[in-house]
Amino acid sequence: MSHPIVPTRVYAAVFAALIALTITTVAVSKLDLGEYNFIAAMTIAVIKGSLVVWFFMNVRRSSSLTRLFVGAGFLWMAILIVFVLSDYFSRGWLPAPGWWK
Amino acid sequence: MAETDAGPLVHAAGVRHHFDTAEQQFESATLGMWVFLLTEIMFFGGMFGSYTVYRNMYPDAFASTSHFMNVTLGGINTAVLICSSFTMALAVRAGQLGSKKTLILFLILTLVLGCVFLSIKYVEYHEKWVDHHVPGPEFRYADSRYFHHAQILFFLYFAMTGMHALHMIVGVGLLTTLIVMAARNRFSATWYTPVEMIGLYWHFVDVVWIFLFPLLYLIGHTA
């Protein structure tokens, strides 16, 4: 395989970052930041997930075609969430009785 | 009979005859694995979507449940899973280098960490069972206002962590297969594709947990 061997220290650095971010997210959740608790937790989760996908899953060294597929996966996931939420969020906008109340 | 004009077809060792090169073969396997992982993203995506919808409908009920989530065990499990992803990455690296001993060592470490995760998950499920936090006729909830809506969250909790745990169990089986294959000298520096593919699967399952942990354990903890 033509893949260059990734040095162990790269994986070790990513591992250290992931553990540090896990401690951070637990620490931040103990603080009362209101809406920002959710934003902070999700931002850290996205950073952690991206580190795993980029370094551990080696998308960094993958071909453009593989990257396109990875990107498509997250795009479709975003479409799923955004369209479902836009439906539920916009239901209360018209003066119709909400079925979930 | 089917020989081409160029003479008999010659293939490099380990390359199936419908591929030109080992790189092309590896590329196809990687792409195919990612296509499978995309279906997995959509599978978990449906559950993440319904979680988001219900949390927005019943924010207070959902926030009240986070007091019953064991953040310590959840946090330890997150660390365990990150460790297992690290050892899996090192196993793939050992596969690339063709060093059998290191490969088997890291595969076993990954397997052990996976089992530690599942054991801790069992302890958590047991806690929920004892506390009557399993949705159904035996469900009890301290705050009677949230009796029905808290059940929705616990249902989602068991559905999401349960599907995740099922993926872990499948992963444990796959790792065992890899260890047996490695012990039988099936892998070399030129062909270790299953190690790389199951590595992708294992990391994907880790990513799912990275999102489950804050959503189920951390958000609403201060509310």
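Predicted model: local features only at pLDDT ≥ 70, side-chain atom pairs only at ≥ 80, totals over all residues.
Reader: Why is B:His132 called exposed?
Author: B:His132 has 11 other C-beta atoms within 10 Å.

Reader: Where does B:His132 lie, and what is noted about its phi?
Author: B:His132 is in the loop between H4 and H5 of chain B; helices (H or I, at least four residues) and strands (E, at least two) are DSSP runs, numbered from the N terminus. The phi of B:His132 is near 60°, a positive value in a residue other than glycine.

Reader: Is A:Lys48 buried or exposed, and how do you know?
Author: A:Lys48 is buried, since 27 other C-beta atoms lie within 10 Å. The residue belongs to helix H2 of chain A. Leaving aside neighbours within four places in sequence, A:Lys48 is in contact with A:Leu18, A:Leu21 and B:Ile210; contact requires that the C-beta atoms of two residues, placed from the backbone, lie within 7 Å.

Reader: How many residues does each chain give to the contact between chains A and B, and what makes up the side of chain A?
Author: Chain A contributes 44 residues and chain B contributes 40 residues. Helix H1 (8-30), helix H2 (35-56) and helix H3 (64-90) of chain A are the elements that give two or more residues to the side of chain A that touches chain B. H3(A) gives the most, with 13 residues. On that side, 29 residues are nonpolar, 12 polar and three charged. Here Ala, Val, Leu, Ile, Met, Phe, Trp, Tyr, Cys and Pro count as nonpolar, Asp, Glu, Lys and Arg as charged, and the others, Gly among them, as polar.

Reader: What makes H6(B) largely enclosed by the rest of the structure?
Author: Of the 26 residues of H6(B), 24 are buried, so the helix is largely enclosed.

Reader: Which residues of the largest nonpolar core touch the most other members?
Author: Of its 75 residues, they are B:Ala91, B:Leu103, B:Leu107, B:Val195, B:Val208 and B:Leu212. A nonpolar core is a set of buried Ala, Val, Leu, Ile, Met, Phe, Trp, Tyr and Cys residues joined through C-beta atoms within 7 Å. Leaving aside neighbours within four places in sequence, B:Leu212 is in contact with B:Met160, B:Thr161 and B:His164.

Reader: Where does H6(B) bend, and by how much?
Author: H6(B) bends by about 30° at B:Leu212, and a proline, B:Pro214, follows within four residues. The bend at a residue is the angle between axes fitted to the seven residues ending there and the seven starting there. After the helix comes B:Gly220, whose phi is positive, near 85°.

Reader: Why is chain B called more spread out than a compact globule?
Author: The radius of gyration of chain B is 22 Å, well over the 17 Å that the globule rule gives for 223 residues, so chain B is more spread out than a compact globule. The radius is taken over C-alpha atoms, and the rule is 2.2 Å times the number of residues to the power 0.38. Chain B has six helices and zero strands, and its C-alpha trace spans about 80 × 35 × 30 Å along its principal axes.

Reader: What radius of gyration does chain A have, against that of a compact globule?
Author: Chain A has 19 Å, whereas a compact globule of 101 residues would have a radius near 13 Å. Chain A has three helices and zero strands, and 23% of its 101 residues count as buried.

Terms used
Residues numbered from 1 in each chain as written. Chains lettered and ligands numbered in written order. Buried ≥ 20, exposed ≤ 12 C-beta atoms within 10 Å, placed from the backbone.
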